[in-house]
2 protein chains.
Amino acid sequence: MKMLINVPESVVPDALRGMAAAHPELTVDVERRVVVRRDAPVAGKVGLVSGGGSGHEPLHGGFVGPGMLDAACPGEVFTSPVPDQMVRAAAAVDSGKGVLFVVKNYTGDVLNFNMAAELAEDEGIQVASVLVNDDVAVTDSLYTAGRRGTGATLFVEKMAGAAAEEGAPLERVEAIARRVNESSRSFGVALTACTTPAKGSPTFDLPPGELELGVGIHGEPGRERRAMMTSGEIADYAVGTVLEELRPSGPVLALVNGAGGTPLLELYGFTAEVHRVLRERGVPVARTLVGNYVTSLDMAGASVTLCRVDDELLRLWDAPVRTPGLRWGC
Amino acid sequence: MKMLINVPESVVPDALRGMAAAHPELTVDVERRVVVRRDAPVAGKVGLVSGGGSGHEPLHGGFVGPGMLDAACPGEVFTSPVPDQMVRAAAAVDSGKGVLFVVKNYTGDVLNFNMAAELAEDEGIQVASVLVNDDVAVTDSLYTAGRRGTGATLFVEKMAGAAAEEGAPLERVEAIARRVNESSRSFGVALTACTTPAKGSPTFDLPPGELELGVGIHGEPGRERRAMMTSGEIADYAVGTVLEELRPSGPVLALVNGAGGTPLLELYGFTAEVHRVLRERGVPVARTLVGNYVTSLDMAGASVTLCRVDDELLRLWDAPVRTPGLRWGC
């Protein structure tokens, strides 16, 4: 598998050098692998910190900036960052109002963020943590006990980030994050596997005529394999599965997320089918975000994340955000 | 090749239905295939219209909105739209101040936009046209006489769009567009071919260990094939080739554009190498945009577009823009 890289060993620091070059509004510590908004710590503001394995870009480093994350810690590809990165990030963004860790539910991330929270508390930083676990495809998976954290991470980081930007205290930012996670569910499909730079070949085997229903963002197995389906059939399955667990009685926010290797042309076609299913089920869609936001390297496929929203969450969603990967209203 | 589609025949209208669902700020005529900003025509404003084959998303439909295009006409995949679409778009956006067509230099597009300009003039709409031909890889190619139009299209649409938004008259908007095109040069590489829905198999044959240097955005042949190179070597070749023709004496704007199938993680690593080469050559970089903007379906690869900028062009670049694909400052 050909890649636009130098050597597999330097993929993450190379990308961080590129982020530093392209985004002078961020402070990128390439050696220690921490991305921080340049004006951090912001006086009177709760700090939002996330992180996880690389390979899901723009998540998380591309979501650092006003209205979203204060800092992100990228690990190696599909590998948790280490507690040192997280403690350093917390120290860089804490204004004295405390820090919220947004943690995707993978065993390594959970362990390391827990350890980092203890270490940061030892340094006098108040830390709260919220676990994101929105993926309804499977309970317990290759790297997870319980549900995996996927597309809802973007929703949590955006809406908790907006609350923090408005000056909400830590308990409130944490409560928003928790509510967004509990109000969100996701389901993803893969048409192809992805290839990590270290391995150089597809991470799993998916025959030409089949797709994986319920795949994880590292290519973890889903619910089942089937013969290839149309965009409309996939939308029926994915949205149907999400709605079974979410049971919205009001409007939802929809993320139609590309896995990385699927063209935007196809994602928009899939979006039409997602909207059709929601219309048929009587679920009003308040906002729709379409694009490659929580990716799995070059995997072809897509996921649907829905979040039940009320006026407060919608206001936080619409609030200004200025990051490399998500930007509006300012 | 598996795709997230219903049937190949409906890929473009399906995507337009998805755009309509996701972007209520746009008026999408699915049947007639025209995407228009909802508030068009804007009183006293020159209208900007572009279009071309689909498969390059977000170009062009994703660049419709305040500060950029007023309308876009998507053709079938890699196929020029027809004059009817362009005339309809011109009529929808003309406020009486005239319309500028931004045309990528491909034979079909040029013919059809020329015919549309005549038809629109017959209807009393003043039309000017600017040809984008920034690709230094080859003169004359599969679909082109002269240089191909690629990444600079984004620069032209953004900066001419900003001038139009400020109320500049047609001659001025046209002059800006022409100057941006003449100040821009691009070079692209492919690591894999792309697959069109209609064909269902790769559009050209690229062996596992080789890359295509100077590839076009439809997979047209470039300058040469070589054994796979590192990101740094590719940056040396691509940036070196662009600089030979561009010869900037001041700052440049840089677009590091993904072909569609290359992960953002790799694009950022490539950005670091592009910046290294420019630093070594003593070329200051005023702004850098990194991402999948002018794509070729699922092709893996990237291109570099540089534009010589002065204070005026930089101000137009930084001006607010609010489109699905490009958005800042508002």
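Colleague: Are B:Phe155 and B:Trp317 buried or exposed?

Modeller: This is a predicted model, in which local features need pLDDT of at least 70 and side-chain atom pairs count only at pLDDT 80 or more, while totals for chains, interfaces and linings use all residues. Side-chain values use heavy atoms, without hydrogens and water, residues are numbered from 1 along each chain as its sequence is written, and chains are lettered from A in the order in which they are written. With buried meaning under 20% relative accessible area, exposed over 50% and partly exposed in between (1.4 Å probe, protein chains only), B:Phe155 and B:Trp317 are both buried.

Colleague: Why is the pair of A:Phe155 and A:Trp317 called edge-to-face?

Modeller: Rings of Phe, Tyr and Trp (its six-membered ring) pair if their centres lie within 6.5 Å, and planes under 30 degrees apart count as stacked, over 60 as edge-to-face and the rest as tilted; the whole structure holds eight such pairs over all chains. The centres of A:Phe155 and A:Trp317 are 5.4 Å apart and their planes stand at 90°, so the pair is edge-to-face.

Colleague: Which helices does the pair of A:Phe155 and A:Trp317 link?

Modeller: Helices (H or I, at least four residues) and strands (E, at least two) are DSSP runs, numbered from the N terminus. The two residues are 162 residues apart in chain A, and their pair joins helix H4 (residues 152–165) to helix H8 (residues 311–318).
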